Amino acid sequence: MAQQKLFLLPGDGIGTEIMAEVEKLIAHLNASGQSNFTTDTGLVGGSAYDAHGVAISEEDMQKALDADAVIFGAVGGPKWDDVPYEVRPEAGLLRLRKDLGLFANLRPAICYPALADGSSLKREIVEGLDILIVRELTGGVYFGEPKEIHDLGDGQKRAIDTQVYETYEIERIARVAFDLAKTRDNRVHSSEKRNVMKSGVLWHEVVSAIHQNEHSDVQLDHILADNCAMQLVRNPKQFDVIVTDNLFGDILSDAAAMLTGSLGMLPSASLGAPDAETGKRKALYEPVHGSAPDIAGQGMANPIAMIASFAMALRYSFEMIELADKVEGAIADVLYEGLRTGDIMQDGCKKVTTAEMGDAIIAKL
Ligand code: NAD
């Protein structure tokens, strides 16, 4: 079996605790001959600042660039609230996204049947939910220039953000969405606001062209972003893949995420362009949640978002689809058997620690 290089960046707070469970899982998969991963571990965020005075060192940045996939925990915490802005913990993650060219953010929202009662929506609306939001991550209004606040001199100010997209940025994210749809239910909803935004007009035009010219075998629907938000809470199971820009993706993916219950359950992947020679994409996998300083160091963190992020790496970076299914199946099984960390605790279930949850998932495998 070919050797695959993983670069682990646990980060701060609960990042180290949940990454420890992924390390156990990797050791199990290697020992049982199901994988051949090598791992190296680096520092990012506050822990990198403490060691090197930066949010990620050049050496670790190079290791991230050389790896087949980066597995990232979480960064930040009150200890680093007052460090200079350019070396704040989040700067490490932003640098990784930028230097690895990670333009596609994948956020699945899966509702495990055992947790359907933990959702704020009714069980029948969310049970069995399995949708994937594909968010453009490096363009749009968060990065567009000009971005500034002017003092108008009469006690008034004017703030400007610029929503800007070019054809190639929309083409490449549309291709990711259509490719992924083919591995799922073969349906894509493209979401924008072409009724009031020029960038929405271009988005609609470019996604339609990619569909027509390259992916006409996938079902494509266009939906205005405000309607998409409404439909996500009215009838989320109508969706398979939703592709959208950076701003709408930020909001829609958080809304979709909470359909499934706790932050501790939510994985994500960020992908770059395929390499011209190898066809492999740079990729970073991370839970959606942060470093949870309020529970760090107490063995209370839910490792499922981190383990499910690793399962996404198996699926999207290594094409180990069966193994990814097995890991996700093991997560569903332990939940079905009533094991719960504190954040997803329900009446009649057994409360377990971070390590006990990790061990139970490995035992199921
Ligand atoms: P958070 O996601 O860290 O925590 C929010 C709440 O959810 C907390 O009550 C926490 O205990 C709980 N929670 C989160 N993950 C959990 C898990 N796996 N198991 C059990 N409970 C969990 O968000 P926050 O409190 O707003 O931020 C804390 C720090 O994390 C800040 O420094 C913030 O900047 C940083 N942050 C980092 C990332 C990242 O690394 N990608 C993302 C978000 C926030």
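This is a predicted model: local features need pLDDT of at least 70, side-chain atom pairs count only at pLDDT 80 or more; totals for chains, interfaces and linings use all residues.

Q: Which domains does the assignment give?

A: Domain bounds come from an automatic or database domain assignment. Here the assignment gives domain 1 (1-108 + 264-365) and domain 2 (130-259). Their C-alpha centres lie 26 Å apart. Domain 1 puts 12 residues into the contact, and domain 2 puts in 16 residues. Contact means heavy atoms within 4.5 Å.

Q: Which residues lie nearest the centre of the largest pocket?

A: Lining residues have an atom within 4 Å of a point. The largest pocket has 30 of them, and L180, T183, M312, R315 and Y316 lie nearest its centre. Both domains take part: domain 1 and domain 2 each give at least three residues to this lining.

Q: Which element gives the largest share of that lining?

A: Helices (H or I, at least four residues) and strands (E, at least two) are DSSP runs, numbered from the N terminus. The largest share, four residues, comes from α10. Among the elements that each supply at least two residues are β4 (104-110), α6 (167-182), β11 (267-274) and α10 (304-316).

Q: How many residues of that lining are nonpolar, polar and charged?

A: Ala, Val, Leu, Ile, Met, Phe, Trp, Tyr, Cys and Pro count as nonpolar; Asp, Glu, Lys and Arg count as charged; the others, Gly among them, count as polar. The lining of the largest pocket has 16 nonpolar, five polar and nine charged residues.

Q: How many cavities of 30 Å³ or more does the search find?

A: It finds two. The largest cavity holds about 50 Å³ of space. Its lining includes Q163, Y165, E192, W203 and F248. α7 gives the most to this lining, with three residues. The lining divides into four nonpolar, four polar and three charged residues.

Q: Which residues line the second largest cavity?

A: They are R107, P108, A109, S253, A256, A257, L266 and V288. This cavity has a volume of about 30 Å³. Six of its lining residues are nonpolar, one is polar and one is charged. Domain 1 and domain 2 each contribute at least three residues to this lining.

Q: How do I read strand pairing, and which strands does β11 join?

A: Two strands pair if DSSP finds at least two bridges between them. β4 and β11 run antiparallel, joined by three bridges. A104 stands opposite L271 in β11. β11 and β12 (residues 281-287) also run antiparallel, with six bridges. A269 has Y285 in β12 as its bridge partner. β11 and β12 form a hairpin with six residues between them, and G279 in the turn has a positive phi of about 75°.

Q: Is β11 mostly covered or mostly open, and why does A273 count as partly exposed?

A: Buried means under 20% relative accessible area, exposed over 50%, and partly exposed in between (1.4 Å probe, protein chains only). β11 is mostly covered, with six of its eight residues buried. A273 lies in β11. A273 counts as partly exposed because its relative accessibility is 43%. Not counting residues up to four places away in sequence, A273 touches G101, F103, K280, R281 and K282.

Q: Why does Q4 count as buried?

A: Q4 counts as buried because its relative accessibility is 19%. Q4 lies in strand β1 (residues 4-11). Leaving aside neighbours within four places in sequence, Q4 is in contact with N36, F37, T38, D68 and F318.

Terms used. Residues are numbered from 1 along each chain as its sequence is written. Side-chain values use heavy atoms; hydrogens and water are left out. On a 1 Å grid over the protein atoms alone, a cavity is a set of points where a 1.4 Å probe fits but cannot get out, and a pocket is an open set with protein on both sides within 12 Å along at least five of seven lines; lining residues have an atom within 4 Å of a point. Grid points are joined across faces, edges and corners, and a volume is the space filled by probe spheres set on the points.
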